[in-house]
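Subject: Structure handover

Hello,

Here is the structure I said I would pass on. Please open it next to the sequence, then read the notes below.

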2 protein chains.
Amino acid sequence: MPKKVDHEERRQEISDALWRIASTRGLDGVSLREVAAEAGISLGRLQHYFRSKDEMLLFALRQISQLADRRIRERIEKAAADLPEEPSPRFVLRESLAGMLPLDERSRIGQLVAAAYFGRAVHDERLSSEAQEGIPRLREFFAGLLRRAAERDELPAGIVAEDEAMILIGLVDGLTAYTLLNVHSPEEALRLLDRHLERLFGTAG
Amino acid sequence: MPKKVDHEERRQEISDALWRIASTRGLDGVSLREVAAEAGISLGRLQHYFRSKDEMLLFALRQISQLADRRIRERIEKAAADLPEEPSPRFVLRESLAGMLPLDERSRIGQLVAAAYFGRAVHDERLSSEAQEGIPRLREFFAGLLRRAAERDELPAGIVAEDEAMILIGLVDGLTAYTLLNVHSPEEALRLLDRHLERLFGTAG
């Protein structure tokens with residue numbers, strides 16, 4: 001099915017153009033025409049692939065999410081290969097959360113696209129439904145890791161896994177925002193995340 | 001000086017128009033002309049008060065911050081009037097943080113303007129300098145409250161006040177974002193904040 005592959009490739013190229021704009025001047029007020037120009041195609045051709053800016057943003061956002069997933073999974077698998085046993089729930093949790101922070105250029109650009117998404121999604125039920133579906137799944141994944149840690153007696157008693165999972169997601173989101181605003185460095189965001197995890201797991205100094 | 005008062009009043013009216021747009025369809029791609037129309041004045045007249053969208057956004061953001069400050073201070077003073085003694089550092093901290101969450105329509109609109117600011121400020125050094133100055137001040141205020149709580153033996157040993165202050169700001173910011181996206185309710189955001197504070201103060205179930 002060469003036709004389908006071409007279609008996906010072209011959508012990818014347009015999405016890449018959107019990323020480039022997102023990483024430089026931002027997506028506020030950017031028109032489909034400007035994205036088409038950045039991708040080196042006509043507006044009509046772009047509209048063959050994406051009917052609206054929101055549709056394009058959603059596509060870019062899902063890609064970012066998939067790429068981040070893959071990056072985090074590879075990171076965990078790589079680390080696991082060097083370990084004598086299975087990586088602990090805490091290790092997987094920490095690597096997943098760290099992988100959400102804008103610690104390198106690739107994840108920084110991803111978070112800039114996510115910032116553009118956020119600004120529009122707060123006013124758009126169709127866009128925000130993406131977060132309404134994705135975040136509870138992520139919360140459940142983190143809660144599962146916390147429950148496994150508790151079963152291994154690696155978490156203090158009385159921790160409510162679902163609550164702490166959402167607190168972690170909220171914290172990483174806020175630390176990401178202040179990293180993008182240059183209020184603090186990416187390293188400081190990671191240090192604060194680790195501080196929080198140490199307190200959560202009861203291993204703080 | 002009636003001239004100056006008029007000037008401030010007009011800026012306020014324009015800022016109100018910006019808020020109305022922010023609370024309904026958002027500020028992404030909104031032009032000065034559209035804000036002028038909402039305020040019922042000509043574009044030329046608006047430009048007499050604000051030369052750019054960023055200047056207007058900064059004015060609106062500072063107002064939001066002042067209004068939130070006043071609202072929180074009044075709330076604490078009102079509660080303090082009913083208390084037999086001075087409100088505790090923990091009480092002031094909790095009320096301040098709760099006051100930052102979009103728990104009512106007024107603070108929700110404020111956070112929507114802040115969301116629009118965020119989307120632009122990540123690409124603009126002049127805009128982001130507002131956060132770079134304001135957030136460390138807020139962090140120091142919260143850290144001071146945590147230090148006072150520690151002096152009163154109301155905080156477990158080994159807590160690093162500056163770190164926990166920034167973790168609290170990041171958490172409230174993230175919980176705010178997911179409230180605006182309708183991932184969870186404002187009440188759930190407040191419940192999670194309280195859960196975090198309970199663990200921080202060592203009073204969790």
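Read along the sequence, the pattern is α-α-α-α-α-α-α-α-α.

Please keep in mind that this is a predicted model. Its scores are ipTM 0.91 and pTM 0.91. The average pLDDT of chain A is 90, and 97% of the residues score at least 70. Among the elements of chain A, the lowest mean pLDDT, 82, belongs to helix H1 (residues 2–24), while H8(A) has the highest, 98. Where pLDDT is low, the predicted coordinates should not be read in detail.

Chain A as a whole

The C-alpha trace of chain A spans about 60 × 40 × 30 Å along its principal axes. Chain A has 205 residues, of which 39% count as buried. Of the contacts in chain A with a separation of 6 or more, 60% are between residues 24 or more positions apart.

How the two chains are related

Counted by residue, 38 of chain A are in contact with 39 of chain B. On the chain A side, helix H6 (105–121), helix H7 (125–151), helix H8 (161–180) and helix H9 (186–200) each supply at least two residues. H8(A) gives the most, with 12 residues. Sorted by class, the side of chain A that touches chain B has 20 nonpolar, 12 polar and six charged residues.

Which residues does Val113(A) touch, leaving aside its neighbours within four places in sequence? They are Trp19(A), Ala22(A), Ala60(A), Leu61(A) and Ile64(A). As a general point, nonpolar side chains in soluble globular proteins tend to be buried together.

H6(A) has 17 residues and reaches 24 Å from its first C-alpha to its last, close to the 24 Å expected at 1.5 Å a residue. H6(A) is mostly covered, with 13 of its 17 residues buried.

In chain B, helix H6 (residues 105–121) holds Ala116(B). Is Ala116(B) buried or exposed? Ala116(B) counts as buried because it has 25 C-beta neighbours inside 10 Å, and the cut-off for buried is 20 or more. Apart from neighbours within four places in sequence, Ala116(B) is in contact with Gly119(A), Ala22(B), Gly26(B), Leu27(B) and Leu57(B). Ala116(B) and Gly26(B) are 90 residues apart along the chain, yet their C-alpha atoms are separated by 7.4 Å.

Ser128(B) lies in helix H7 (residues 125–151) of chain B. Ser128(B) is buried, with 20 other C-beta atoms within 10 Å. Not counting residues up to four places away in sequence, Ser128(B) touches Leu181(A), Asn182(A), Ala121(B) and Val122(B). The C-alpha atoms of Ser128(B) and His7(B), 121 residues apart along the chain, are separated by 26 Å.

Asn182(A), one of the residues that Ser128(B) touches, is in the loop between H8 and H9 of chain A. Asn182(A) counts as partly exposed because it has 14 C-beta neighbours inside 10 Å. The phi of Asn182(A) is near 60 degrees, a positive value in a residue other than glycine. In chain B, Asn182(B) is in the loop between helix H8 (161–180) and helix H9 (186–200), and its phi is near 60 degrees too. Asn182(B) is partly exposed, with 14 other C-beta atoms within 10 Å.

An exposed residue

Ser52(A) sits in the loop between helix H3 (43–49) and helix H4 (53–82) of chain A. Ser52(A) is exposed because 10 other C-beta atoms lie within 10 Å, and the cut-off for exposed is 12 or fewer. Ser52(A) and Ala22(A) are 30 residues apart in sequence and 16 Å apart in space, C-alpha to C-alpha.

Regards

Technical notes
Residues are numbered from 1 along each chain as its sequence is written. Chains are lettered from A and ligands numbered from 1 in the order in which they are written. This is a predicted model: local features need pLDDT of at least 70, side-chain atom pairs count only at pLDDT 80 or more; totals for chains, interfaces and linings use all residues. Two residues are in contact if their C-beta atoms, placed from the backbone, lie within 7 Å. Helices (H or I, at least four residues) and strands (E, at least two) are DSSP runs, numbered from the N terminus. Ala, Val, Leu, Ile, Met, Phe, Trp, Tyr, Cys and Pro count as nonpolar, Asp, Glu, Lys and Arg as charged, and the others, Gly among them, as polar. pLDDT is the predictor's confidence in each residue, from 0 to 100. The expected span of a helix is 1.5 Å times one less than its number of residues.
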